[in-house]
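Reader: Please set out the sequence and the model first, and then let us go through the packing by question and answer.

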Amino acid sequence: MPIVMRADPADEEDFDVSADALDRAQRARLIRRTRTALGLSQTEFASRFRVPVGTLRDWEQARATPPDFAIAYVRVIAQHPDLVAKVVA
């Protein structure tokens, strides 16, 4: 049986989610925030960093859980976007 918790315990109108769903949402938020902080559209980010745009959309919309290596890649992109873009070009 999956562990279920309230996404925001302070919000009475919030709904319960599984730990997996919460993890997927947090990963989606990290990816979306990184992309928007760089001022890139999904298409631009996907092209610049060699990520299939459909995969990026699925990750950002929490339809799929990004694997650990993808989260590590996004964290590196956040710290060194120009270097990563140059290396993968």
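Reader: α1 passes α4 in a crossing of which hand, left or right?

Author: This is a predicted model, in which local features need pLDDT of at least 70 and side-chain atom pairs count only at pLDDT 80 or more, whereas totals for chains, interfaces and linings use all residues. Residues are numbered from 1 along each chain as its sequence is written, and side-chain values use heavy atoms, with hydrogens and water left out. A crossing is left-handed if the near helix is turned anticlockwise from the far one by less than a right angle, and right-handed if clockwise. Under that convention, the crossing in which α1 passes α4 is left-handed.

Reader: At what angle do α1 and α4 pack, and how is their arrangement classed?

Author: Axes are lines fitted to C-alpha atoms, for helices over the stretch in contact, and the angles, taken between N-to-C directions, run from 0 to 180 degrees. Helix α1 (residues 19-37) and α4 have their axes 10 Å apart, at an angle of about 30 degrees. Angles under 35 degrees count as roughly parallel, over 145 as roughly antiparallel, 65 to 115 as roughly perpendicular and the rest as oblique. The arrangement of α1 and α4 is therefore roughly parallel.

Reader: Which residues make this contact, and how do they divide by class?

Author: With contact meaning heavy atoms within 4.5 Å, R27, L30, I31 and T34 of α1 meet D68, I71, V74, R75, I77 and A78 of α4. Ala, Val, Leu, Ile, Met, Phe, Trp, Tyr, Cys and Pro count as nonpolar, Asp, Glu, Lys and Arg as charged, and the others, Gly among them, as polar. By class, the contact of α1 with α4 has 6 nonpolar, 1 polar and 3 charged residues.

Reader: Which residues meet between α2 and α3, and how many of them are charged?

Author: From α2 the contact takes Q42, T43, F45 and A46, and from α3 it takes V53, L56, R57 and E60.

Reader: Is Q42 buried or exposed?

Author: Q42 sits in helix α2, and beyond four places in sequence it touches R35, V53, L56, R57 and E60. Buried means under 20% relative accessible area, exposed over 50% and partly exposed in between, for a 1.4 Å probe and protein chains only. Because its relative accessibility is 17%, Q42 counts as buried.

Reader: How do α4 and α5 meet, and how many residues of that contact are charged?

Author: The α4 and α5 axes cross at roughly 115 degrees and come within 5 Å. Y73, V76, I77, A78 and Q79 in α4 meet P81, V84 and V88 in α5. This contact has 7 nonpolar residues and 1 polar residue, and the number that are charged is none.

Reader: What does F49 touch, and what is its relative accessibility?

Author: F49 lies in helix α2, and beyond four places in sequence it touches L38, L40, Y73, I77, P81, V84, A85 and V88. Its C-alpha atom is separated by 8.1 Å from that of A89, 40 residues away along the chain. F49 counts as buried because its relative accessibility is 1%.

Reader: Where is R50, and is it buried or exposed?

Author: R50, in the loop between α2 and α3, has a phi near 60 degrees, a positive value in a residue other than glycine. Because its relative accessibility is 54%, R50 counts as exposed.

Reader: In what order do the elements of the protein chain run?

Author: The protein chain has 5 helices and 2 strands; helices (H or I, at least four residues) and strands (E, at least two) are DSSP runs, numbered from the N terminus. From the N terminus on, the order is β-β-α-α-α-α-α.
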